[in-house]
Amino acid sequence: MVAQQRTARAYPQDELAARLRLIQELSGRGVRALARDTGLSSSSLSRYLSGQTVPPWPAVLELCRLVKRDPRPLRPLWERANNPLPAPPKTSRQPAPPSPPVGAPPPPRNDLPRDVPDFTGREQALADVIAAVGSDRVVAVDGMAGVGKTSLAVHAAHQLTAEYPDAQLYLDLHGFTDGRQPLDPDAALRALLAALQVPSEKVPQDGGVELRAACWRSELARLRAVVVLDNVADAAQVSHLLPGAGESVAIITSRNRLLELDEVPPVTLDVLTPEESAELLVRASGDARVGRLAKEPEQAAEVLRLCGNLPLALRLAAARLRHRPGWSIGILVERMAEGASEFDTAFGMSVRQLNRDQRRLFRLLGLIPGSTFTDYVAAAVADVSLRSARTMLEDLLDAHLVQQPADGRFRLHDLVRQHARAATVEHDTPADRERALHRVLDYYVHTAAAADTAMPFLSPTRSVSAGSPPAELPHFPGRDAAFFWFVSEYTNLMAVFYAAVEAGADTHVCELPRFMRAFFARRCGTTHLNALFEQSLTAAQNLGDPRQLAEAHSDLGFARYNAGRMTEAAAAYAAAAPLVAEVGDPLPRAELTMRCAQLRWDEGSVEEPLELFRRARDLYSTAGCPTSAADAIASEAWAVLQLGHRDRAAQLAREALDLHAPSLQAQITLGVAIAADEPEEALDHLDRALTLAREDGHKHNEAWCLNCRGVALRETGRYEEALAGHREAFALLDALFEDHWKIHFLNSYAETCRLAGLADEAVDLYRQTLALAPTLGHRFEEATAHQGIADVLDATDPAAAVEHRAAAEALFADITPSTSLHPAIPE
């Protein structure tokens, strides 16, 4: 990323080309089709997309117009590309590079596993991989299990590091991981984009995997990177992950020949030759064993036969020799001959050298869902102390039964996992295996709850009823540590969730998504969270527990609401209401009341949501949640402000701030309410809110703050600054790919444009509201948009203005929607 940012600053032409390639991806057209539809020549377009030539501004306009994107954000970049920075003067002696400043971006990402020091043979295969990368930029290495595909791919990637310095990425797609579904392309893309540290606001959250694939290719096109895509199931799993334009390369490994990738050259691995196998066994056994192997050639040959000339089995056998100085080669052969196959022989031989507790831990590690695990998870699955788990993991590392891809994280190779799972079926009872899996599920739910508690984002802390807390949990000293845990464990959390679904652990299925809600709001968008809460509702129905069922309906309703699915949200809240009344706990009642108030306000009700906000405040206070009570007061203040009662809104906002000073909504409301009379104090409150939103990492709230700052600046007549704030807010929303959020900001942006004399832009924004509001059920915004258009057209088109004003009056007159789906919130 350092190299990427340096290139972007020094060569804006390259960055402009990358942005144009993203436009091409969004268009779904090849170069010729894109040239035809924009009226450009294909040769010129190719030069623009490759960065060889800076396009004229009209060409940029045509490209943006084709995909319906605003070209204005590209203008500064286009101007810099036409006036590039001068190259630094050459000197005979280059000074040493300065030390990176505090807060500088991290060094380029390198996820490659350690290159094996005893890499043996494969000269031709290695040359073929390097050559294929050089000519085709992608190569697929295929072969049977244990044949050394990953070792070859990683070895080649290490050799390519100097030529591709911007990033070296590695991702296991679990195409053949026993007991686990292959990583789907969407999850793989999210993991790869996270590895490149692409900000979440740049990652499309909706629109299907194609948009995220386009984003991945666009980001990769800016770099010279090498990507290892390991353990691929089939062509469909990996097709979206391949590089597009640019210079980055990819190395794929799979047990299958990926015939569907007809443009990707294959390199097929067979077993090692007997000579290479003998050399690998000698090298991996260590210097002390060289003489013994030479003295027992027949026994050494039998080891090679039992290993089937497979590199993985050979290394495991050699590890036993290296760490068992008292063994002869004959003893090794005897132990290996007891197994049923080359793999099981090697693995079983390694496992049998462990003590009883180590063998038990190894077996149970095969039950852990997810691709990696920590020492805490190992301690939980085996029900041992953290200290004991760490000691035994070190032993398993020495035996090459466990790998350590990163500090503090461990994994089992696919074949080792398969052996461990088979061993636990043989040696542990079904009840033992079920208890072990549930201990892992307990660990993740309780750790997620602890991490969620360390991220105090307004939602009240819930207690955990799923399972029992493990003896030791990670410590989260603050929000950043907790957030990092969620990021690093994301794929494992998803695997654990679906393992809980499969195991019928319904309480875990109900509760895990609740503790991930704050994280999802800041990183994963709304689509996936809706899917998780759908599963939670099914689990709650299986349990038949009124509280779990009440919270599941309420949580699903809130996920629907945030996705803009208002009718479904109302139905879910209606289903939750009688169950909440039956439970009688003030906290779920408060939360459902607050959510219903927000929904009904957006639909256009006035008196009812104001009353519900007050009731939610009282319920939160009764439940001992002052922060959430302050949020309810702030929500009432915001609603009152929309009705034009500035003094009352300011009074309520100050009351909320007295309860909870960091209340973002109260800061925003107060800032807008007093803007006309106390502009400096107003902007101070809005700047505090903006700082809170950015520290929080919640891009939707950041956009809200920027838009409201524009409203406050408009109140003081500072129209240019106000418009800049609105435009920055909408740029954030465009990057989030969640257009339904714009309904909250369009009318205020349009009003600023109207007062600034930008009549056409104002009408366009009002019409966007009219297109969006009916689908979302926001009738108050719809009425406001009609009124706004009437105000704009009064001077130029009185007849049309009369029609829009009549539509607005009709909506305002009947603003309270039907309540047939709405629950009566219990007193």
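Biologist: Is the crossing of α2 and α10 left-handed or right-handed?

Modeller: This is a predicted model, in which local features need pLDDT of at least 70, side-chain atom pairs count only at pLDDT 80 or more, and totals for chains, interfaces and linings use all residues. Residues are numbered from 1 along each chain as its sequence is written, and side-chain values use heavy atoms, with hydrogens and water left out. A crossing is left-handed if the near helix is turned anticlockwise from the far one by less than a right angle, and right-handed if clockwise. For α2 and α10 the crossing is right-handed.

Biologist: Which residues of α10 does α2 meet?

Modeller: Contact means heavy atoms within 4.5 Å. From α2, the residues taking part are A18, R21, L22, E25 and L26. Their partners in α10 are L211, A214, C215, R217, S218 and A221.

Biologist: At what angle do α2 and α10 pack?

Modeller: Axes are lines fitted to C-alpha atoms, for helices over the stretch in contact, and angles run from 0 to 180 degrees between N-to-C directions. The axes of α2 (residues 12-27) and α10 (residues 209-221) are 9 Å apart. The packing angle is about 160°.

Biologist: Why is α2 described as roughly antiparallel to α10?

Modeller: Angles under 35 degrees count as roughly parallel, over 145 as roughly antiparallel, 65 to 115 as roughly perpendicular and the rest as oblique. The two helices pack at about 160°. That angle makes α2, relative to α10, roughly antiparallel.

Biologist: Is A18 buried or exposed?

Modeller: A18 lies in helix α2. Buried means under 20% relative accessible area and exposed over 50%, with partly exposed in between (1.4 Å probe, protein chains only). Because its relative accessibility is 1%, A18 counts as buried.

Biologist: What separates the C-alpha atoms of A18 and E219?

Modeller: Leaving aside neighbours within four places in sequence, A18 is in contact with S218 and R222. A18 and E219 are 201 residues apart along the chain. Their C-alpha atoms are separated by 7.8 Å.

Biologist: How many residues of α34 are buried?

Modeller: Helix α34 covers residues 699-715, and G717, with a positive phi near 85°, follows α34. This helix is largely enclosed by the rest of the structure, because the buried residues number 15 of the 17.

Key: Helices (H or I, at least four residues) and strands (E, at least two) are DSSP runs, numbered from the N terminus. The expected span of a helix is 1.5 Å times one less than its number of residues.
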